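Subject: Structure for you to look at

Hello,

Here is the structure I said I would pass on. Please open it and keep it beside you while you read the notes below.

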Amino acid sequence: MKIVDGQVIVCSPGRNFVTLKLSTEDGLYGLGDATLNGRELAVASYLKEHVVPLLIGRDARRIEDTWQYLYKGAYWRRGPVTMAAISAVDTALWDVNGKALDTPVYQLLGGASRESVMVYGHANGRTIDDTVKAASRFLEQGYQAVRAQCAVPGLDATYGVGHAGAHYDPTDKGRPTESQWSTERYLDFVPGLFEKMRAELGPVPHLLHDVHHRLTPIEAARLGKSLEPYHLFWMEDAVPAELQEGFRTIRQHTTTPLAVGEVFNSIWDCHLLIEEQLIDYIRCSVVHAGGISHLRKIAALGEVHHVRTGCHGATDLSPVCLAAALHFDLAVHNFGIQEYIPHTEETDRVFPHRYRFEAGALHPGDAPGLGVDVDEALAARHPYARAYLPVSRKLDGTVHSW
Ligand code: KDG
Ligand code: MG
């Protein structure tokens with residue numbers, strides 16, 4: 001099953017996506033997501049210029065060998081651009097192998113470990129009351145888990161809070177927005193948000209919160225401690241995790257469960273976090289952490305250290321990535337939860353898919369491969385438009401993590 005062609009499809013049905021389409025001599029093709037929000041063309045170029053030429057003529061059945069060939073063969077290892085490119089190849093190969101064997105990918109991964117995949121939705125609001133109302137709407141739709149983010153009084157923009165009525169997309173065409181940050185105001189505000197959430201929603205729903213890398217370990221420890229009465233499902237990205245050892249401080253002080261990893265590229269970014277049991281959920285995604293093959297290795301390390309999966313699933317990860325994540329989630333034993341923000345109808349039209357939502361859970365469907373496609377003619381009608389994620393500054397003007 002030789003690979004005969006590799007197309008890199010860059011499109012922007014509402015937001016930018018990079019998709020790899022690998023075709024084989026048998027007339028089959030597989031898709032992989034290669035989207036790196038705000039830096040999309042770097043991955044597209046890496047694929048077109050450096051990776052696709054190496055794939056032509058290779059046997060599409062050699063998924064692991066191809067992964068190692070691209071990873072070790074580049075000499076320059078890891079990094080978001082390289083790993084998004086390798087992820088796309090790996091995902092496309094799982095897809096095409098599923099099609100060749102006429103079976104959904106989850107069956108190749110060991111079969112279903114559960115009936116469906118529990119997801120969490122994003123509730124946000126400008127006030128605590130609005131946030132509680134948004135969360136209630138998710139629960140009415142059958143969600144069991146909701147992430148809550150609320151505007152911090154006195155700050156002009158807060159991560160996770162969208163414009164009223166709009167699908168949440170924080171990127172800007174043109175130069176990035178600069179938002180404000182105050183650790184003091186944030187730390188004073190968030191416990192009150194969750195006090196109200198629990199008072200209004202009761203003890204049953206899973207509540208999650210994303211700190212988005214903006215605290216130091218000791219600040220995160222204080223936040224985790226103050227949130228303990230509201231028993232969160234997780235506190236996410238409490239600190240920038242380049243320094244894995246930073247999690248030791250947080251862990252020593254709080255029983256609030258910790259999740260991290262959406263920006264990680266490989267097992268080397270999280271092995272210490274997992275081996276020392278410093279976290280509870282690993283958030284690595286198919287698109288940014290080496291594809292299905294590498295994510296399975298991260299999950300396997302997690303399994304022996306009481307760490308469960310919680311794949312990143314924001315809308316900058318395309319429907320191709322979401323489909324791949326769902327096959328992985330359905331099969332992997334130590335699954336925790338899957339993030340889910342529905343894509344816009346415009347995006348869904350470009351990427352028709354077979355995954356389905358019901359009562360707070362997703363199922364990848366039983367189509368051969370990943371069960372997701374790309375309408376290339378429609379994609380061509382949505383040309384790429386450069387966009388940037390926001391930049392954040394403290395009130396005195398110092399650049400801070402967004
Ligand atoms: O591109 C950045 C987004 O994917 C990120 O800000 C979303 O933190 C995020 C989340 O948890 O979904
Ligand atoms: Mg996050």
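A pocket is found on a 1 Å grid over the protein atoms alone: it is an open set of points with protein on both sides within 12 Å along at least five of seven lines, whereas a cavity is a set of points where a 1.4 Å probe fits but cannot get out, and lining residues have an atom within 4 Å of a point. Rolling a probe the size of a water molecule over the atoms shows where empty space is left.

The model is predicted, so local features need pLDDT of at least 70 and side-chain atom pairs count only at pLDDT 80 or more, while totals for chains, interfaces and linings use all residues. Residues are numbered from 1 along each chain as its sequence is written, chains are lettered from A and ligands numbered from 1 in the order in which they are written, and side-chain values use heavy atoms, with hydrogens and water left out.

The largest pocket

The lining of the largest pocket has 35 residues, and His213, Glu262, Val263, Leu389 and Trp402 lie nearest its centre. The pocket holds about 1100 Å³ of space; a volume here is the space filled by probe spheres set on the points, which are joined across faces, edges and corners. By class, its lining has 16 nonpolar, 11 polar and eight charged residues. Ala, Val, Leu, Ile, Met, Phe, Trp, Tyr, Cys and Pro count as nonpolar, Asp, Glu, Lys and Arg as charged, and the others, Gly among them, as polar.

The ligand

Which space does ligand 1 take? It is the largest pocket; a molecule sits in a pocket if more than half of its atoms lie within 2 Å of the grid points. There are 14 residues around ligand 1, and Asn37, His212, Glu262, Asp316 and Glu339 come nearest (near means a heavy atom within 4 Å). This shell has seven charged, four nonpolar and three polar residues.

The side chain of Asn37 has an N or O atom 2.9 Å from an oxygen atom of ligand 1. For Asp210 the corresponding distance is 3.0 Å.

The largest cavity

There are five cavities of 30 Å³ or more in the structure. The largest cavity has about 60 Å³ of space, and its lining includes Gln149, Cys150, Tyr186 and Arg214. α6 (183-201) is one of the elements that supply at least two lining residues, and its four residues are the largest share. Helices are DSSP runs (H or I, at least four residues), numbered from the N terminus.

Regards

Definitions and conventions
A polar contact is a pair of N or O atoms within 3.5 Å; within protein, one must be able to donate a hydrogen and the other to accept it, and residues adjacent in sequence count only if both atoms are side-chain atoms.
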